[in-house]
Amino acid sequence: AEIWTKHDGLPLVDLLQACQEYRIAPMISFSITSLGGTAYEPGVMKASDLLDRIEDLIGQGLINPQTTTIRIDPIVPGVTQESDVGAIIKRC
């Protein structure tokens, strides 16, 4: 199973728990943006909050860091700060 998401909410946790129950090892791709919570992406979590949740899901054994990717999206010229992207990459 391959999962692409910008969110970490209950549907994701339920899906991950079902994968464990049925012994499916999902590959997960998280899209993270430094624009979460801004006018550009008001309904998206801030990068630091989503990274906290990803760490928690790893700690719970619900996702494997070896099969999890992080994609920074969107990058908006003139809006996205290079330092924010660097901080996301460094933390990952």
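Mentor: Begin with a cut-off: a residue counts as buried under 20% relative accessible area, as exposed over 50%, and as partly exposed in between. Keep in mind that this is a predicted model.

Trainee: Is Arg23 buried or exposed?

Mentor: Arg23 has a relative accessibility of 79%, so it counts as exposed. Its place is in the loop between H1 and S2. The backbone of Arg23 also deserves a look: phi is positive, about 60 degrees, although the residue is not a glycine.

Trainee: How many disulfides does the structure hold?

Mentor: The structure holds 0 disulfides. A disulfide would need a pair of cysteine sulfur atoms within 2.5 Å. Cys19 has a relative accessible area of 5%, so it is buried. Cys92 has a relative accessible area of 52% and is therefore exposed.

Trainee: Now the sheet. What is the order of its strands?

Mentor: The order is S1-S2-S3, in an open sheet of 3 strands with parallel pairing. S1 and strand S3 (68-72) are the edge strands, since each pairs on one side only. On average, neighbouring strands of this sheet are turned by 15 degrees against each other, direction ignored.

Trainee: How many bridges join S2 to S3?

Mentor: There are 5 bridges between strand S2 (residues 27-32) and S3, and the two run parallel. Read the pairing residue by residue. Ser29 has Thr69 in S3 as its bridge partner, and Ile32 stands opposite Ile72 in S3.

Trainee: Which helix packs on the sheet, touching S2 and S3?

Mentor: Helix H2 (residues 47-59) does, and its direction makes about 160 degrees with that of S2.

Trainee: How should I picture side chains along a strand?

Mentor: In a regular strand the side chains alternate between the two faces of the sheet. Val85 and Ile72 are 13 residues apart in sequence, and their C-alpha atoms are 7.5 Å apart in space.

Trainee: With which residues is Val85 in contact, leaving aside its neighbours within four places in sequence?

Mentor: Val85 is in contact with Ile72 and Thr80, once those neighbours are left aside. With a relative accessible area of 15%, Val85 falls under the cut-off and so is buried.

Trainee: Which residues does a cis peptide bond join?

Mentor: Asp73 and Pro74 are joined by a cis peptide bond, with omega about 0 degrees. Pro74 sits in the loop between S3 and helix H3 (82-91).

Trainee: Where is the place of Lys6?

Mentor: Lys6 lies in the loop between strand S1 (2-5) and helix H1 (10-21). Leaving aside neighbours within four places in sequence, Lys6 is in contact with Ser31, Glu41, Val44, Leu50, Asp73 and Pro74. That list includes both Asp73 and Pro74, the two residues of the cis peptide bond.

Trainee: Which side chain does a polar contact of 2.5 Å join to that of Lys6?

Mentor: The side chain of Glu41 is joined to that of Lys6 by this polar contact of 2.5 Å.

Terms used. Residues are numbered from 1 along each chain as its sequence is written. This is a predicted model: local features need pLDDT of at least 70, side-chain atom pairs count only at pLDDT 80 or more; totals for chains, interfaces and linings use all residues. Side-chain values use heavy atoms; hydrogens and water are left out. Helices (H or I, at least four residues) and strands (E, at least two) are DSSP runs, numbered from the N terminus. A polar contact is a pair of N or O atoms within 3.5 Å; within protein, one must be able to donate a hydrogen and the other to accept it, and residues adjacent in sequence count only if both atoms are side-chain atoms. Contact means heavy atoms within 4.5 Å. Axes are lines fitted to C-alpha atoms, for helices over the stretch in contact, and angles run from 0 to 180 degrees between N-to-C directions. Buried means under 20% relative accessible area, exposed over 50%, partly exposed in between (1.4 Å probe, protein chains only).
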